[in-house]
Amino acid sequence: MTKNFLEIDNVTFTASAQNKVSNVSLTIENQGDIICLLGPSGIGKTTILRTIAGLEKINSGKIILKNKLLSSKDVHMEPEDRNISMAFQDNSLFPHYNLLENIKFGAERNKKKKKGLNINEIIKFLHIDHVIDKFPHQISSGEAQRASLARSLLSNPDLLLLDEPLSNVDQSFKEEIQVKLKQILTEQKITTIIVTHDSYEAFYLGTKCGIILDEQLKQFDDPYNVYHFPNSVEVVNFLNRGILIPAKVTGENSLESVDLGTITGDFIKHYPKGSEVQLLLQPEDLEHDDQSNLKLEVVDRKFRGTNFIYTLKTVSNKLIPVFVHSHHIHQHEVDEKFGIKRPINIDHIVCF
Amino acid sequence: MGFGKINIWYAASLLISLVVAAPILTVFSSFFETTGNYSLILKNTFLYDYIYNSLVLLIGVLFLTFIIGVGCAYLVSFYNFPGVNFFKWSLILSFAVPAYIYAYSLTAFFENYGTAFSILKNLFGEGNYNSHIPKFDGMTGAIISISFSLFGYVYVLTRTSFHYQSQNLIELGKNLGFSKKKSFFKIILPSARPAIVAGLSLVAMETLSDFGSVSFFGISTFTTGIYNAWISFDDLTLANRLSFYLLIFILGLFILENFSRKKAQYHTSSKGGFKSKSVINLSGYKSFLAFSFCMLVFSISFLFPVLQMLYWTIIFPKHLADLDLINLFSNTIILVILSSCLLIALAFISNYGNRVSKSKFLEALTTFSISGYAIPGIILAVAFITFISWFDSSILGQFEMNSIKPIFIGSILGLVLVYFIRFYSLASNGIKSGYLKINYSIDEGAYLLGYSKFKTFKNIHVPYLKNSILLIGILLAIEIIKELPITLIMRPFNFETFATKAYIYASQDLLEAAAAPSLFLIIIASFFILITSKYILKD
């Protein structure tokens, strides 16, 4: 007996010889938790979902949902018996039924449970009410994807699996749908695993995030920790939100960098004095100061609406990203000098 | 446990394929048996002729059916011109005319002092018209008869495929700067390839097993050779061996096609974004050319033989009065309903079994078994009778059990079973073609909504493929109505259909008397086509 809602114990997920994720152990403790799996395309994220859903078999380890063994080397519960619902990235709507009929297939399954999901509300919040009587071949891929999501949601499964659920959805209401989706999943306590390559989506929706790289689940933690305390260089590179620069540990709370000089802060891991390390610098770690005497050359400037991301070149030709609020009056052009506030203090120092 | 559920489908599919493959295995086994002296004579004399004539016939028919079938399908699918809606369904009517009846009409019309001569004489008075009227006999006559009788396979399947092509594909071609010609050859035609190949495969198999028209035109092909080996020389083993060569040829075609297709996938994308085709309005000479092409095909394939048969029926009314129409009609319909239902149900189960089990062995066995379509009906019937006789005497006789011969030989059951083996390929290929359009994620979506394999089959696949089923039903009905040798051999005593009646008259050199049953055969087949044409044309 296990008190965990879902347990994946040392499972190797295999779609082909080239596409597998080995020895994954992962636990969802509570009903209603939302897990997001992040990773590059083709790494095997979808295979994980398909295997949990019962569409693929396993040769090692076991998958247990609500104390029921779903898969092991010798056991394979059929997908239709698992009460797991999945919204595919390529929609799997039945082509000979219109959208409403398709969605009702989900509601039908939910009949006996009588949970409070209203079909009309779901249709409305997913912005598919205007195409509800159309057939799958008459609608856009984004609309098909949302209809598929509606069908899965309405089936009110024990476990909901969403494969890139919003990848084809217009940016204009993507965020709105994300907010509402999270609200519904939380209110209805629908335990969900979401596969996405959008880290912002994963950080917003997930109670925990898993990073899959090099055929492995590299990190499984809550979103804040995944972002701020990545456990490997590979995760840093994958998230692509910071840079590693060489530095030397000079004390309990300080290190020295050729590029930026002295940096202070709390190390999340102990390094002996004198250690040569790679320091993780994220865009928000450095502050801009026009008066500072530490000036670096601007090589690029990205306007992101709420902020600018400046890319600065250091003396050792490292390219450092720096976040600046977009209301900052003094904009710096490429090739201009950009001041970095000193002394540099970082909340938590992550090194490798 | 889930494995058990899959195995039921696997076992059902395996069993069906094995039953259909049994006669082929019988034919293969003949390779190791001793044949009579006729075998040696044949090797030294006619074998080369059989091969040469069969190849010429096959190539000629494939070429003509491809041009006519794909040409008509392309015109009615992509263009709007006067009469296009009429041609969409009327071109299918050619299915109603068997090649042997077409051959009678062709000869009767163009022969010396035939119908063409009578028309010219009535119009312009006496004259030496015979030397100016072309003669379509021999190989040319056979190729024309078979092609105009069979092009419908290519037309129907290609048209369906064109219908499901998204406008996106065509616009993509335009976007890449393709001319109309290049779009046709690079996009439209290749994406309809499975349908065209399925149609041509059926045409090839029908052609190679045709007996009525080639024997009428006196061409020596494998089929006539098989017939002669059995009827004239009483050498069943040699007949089987010749069938074996035919089979090898058909299997070669299948393998060639499968290799050339490589791993290309043809099912309709269900990612959304499908856009219905916009039809191009033709005007001026282009509109006239499109109309003329379709009208010419319709006239030659359907109007011509119908009018010829009608002409004979009218000028020889006595033969019509002699027919027991109610009996002939009910016999024909009973056979159609029983056989079609059995064929569609089992072909469906077998295809779904293949899909669910994803077994390469089963896939290969199915491909192998459906090549039995190339075995001439006459061989199938004889193989079936031989097998039942052997089983009766060797197995049941041992245990002193009652004979099963009356149940299977000279009975409706036996007749339907041989039809089943003969036409399984048609049913199976049709359903397979429909299945190619259903993405696997559709099945998986259903499973994840709690649908079992059976419920997915019943509630998702069957409704989705209902138009395909109807279409296959029509094709089967027409084939069964037209089928001759199996019905002749396997039918109960005094059990007549329109086809057997027409054949018996024709074999007695009473072509005029054969006209009335032939005409009724065409009318019934046309009726089947018309009542279901709205499903075929449903856009």
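Predicted model: local features only at pLDDT ≥ 70, side-chain atom pairs only at ≥ 80, totals over all residues.

**Entry 1**

I looked up the strand order and found an open sheet of 6 strands in chain A, arranged as 6-7-8-3-9-10 with mixed pairing. Strand 6 (84-87) and strand 10 (216-221) of chain A are the edge strands, and each has a single partner, so one side of each is left without a neighbour in the sheet. From one strand to the next, the twist averages 15°.

I then checked one pair within this sheet: strand 3 (residues 34-38) and strand 9 (residues 208-213) of chain A run in the parallel sense and are joined over 4 bridges. Which residue of strand 9 of chain A stands opposite Cys36(A)? I found Cys209(A) in that position.

Turning to what covers the sheet, I noted that helix 4 (residues 141-154) of chain A lies across strand 6 and strand 7 (159-163) of chain A, and that helix 4 runs at about 170° to strand 6 of chain A.

**Entry 2: the domains of chain A**

The domain assignment divides chain A into domain 1 (6-235) and domain 2 (243-349). I recorded 38 Å between the centres of these two domains of chain A, taken over C-alpha atoms.

**Entry 3: helix pairs in chain B**

I began with helix 3 (residues 47-78) and helix 7 (residues 138-163) of chain B, which pack at an angle of about 40° with their axes 6 Å apart. That angle makes helix 3 of chain B oblique to helix 7 of chain B, and the crossing is right-handed. The contact between helix 3 and helix 7 of chain B has 21 nonpolar, 7 polar and 1 charged residues.

Next I took helix 16 (residues 325-357) and helix 17 (residues 360-370) of chain B, whose axes come within 9 Å and cross at roughly 155°. Angles over 145 degrees count as roughly antiparallel, and helix 16 and helix 17 of chain B are therefore roughly antiparallel to each other. Helix 16 of chain B passes helix 17 of chain B in a left-handed crossing. Helix 16 contributes Ser350(B), Gly353(B), Asn354(B) and Ser357(B), while helix 17 contributes Leu362(B), Glu363(B) and Thr366(B). By class, I noted 1 nonpolar, 5 polar and 1 charged residues in this contact.

Lastly, the axes of helix 20 (residues 412-435) and helix 23 (residues 466-482) of chain B come within 10 Å and cross at roughly 155°, which makes helix 20 roughly antiparallel to helix 23 of chain B. Their crossing is right-handed. The residues in contact include Phe423(B) and Leu426(B) of helix 20 and Leu471(B) and Leu475(B) of helix 23; the contact divides into 10 nonpolar, 3 polar and 1 charged.

**Entry 4: where the chains meet**

How many residues of chain B are in contact with chain A? I found 21 residues of chain B in contact with 29 residues of chain A. Helix 1 (2-29), helix 21 (440-447) and helix 22 (453-464) of chain B each supply at least two residues of the side that touches chain A, and the largest share, 5 residues, comes from helix 21 of chain B. I recorded the residues on this side of chain B as 10 nonpolar, 8 polar and 3 charged.

Terms used. Residues numbered from 1 in each chain as written. Chains lettered and ligands numbered in written order. Contact = placed C-beta atoms within 7 Å. Nonpolar A, V, L, I, M, F, W, Y, C, P; charged D, E, K, R; others polar. Pairing = 2+ DSSP bridges. Axes fitted to C-alpha atoms, helices over the stretch in contact; angles between N-to-C directions. Parallel < 35°, antiparallel > 145°, perpendicular 65-115°, else oblique. Left-handed = near helix turned anticlockwise from the far one by under 90°. Domains from an automatic or database assignment.
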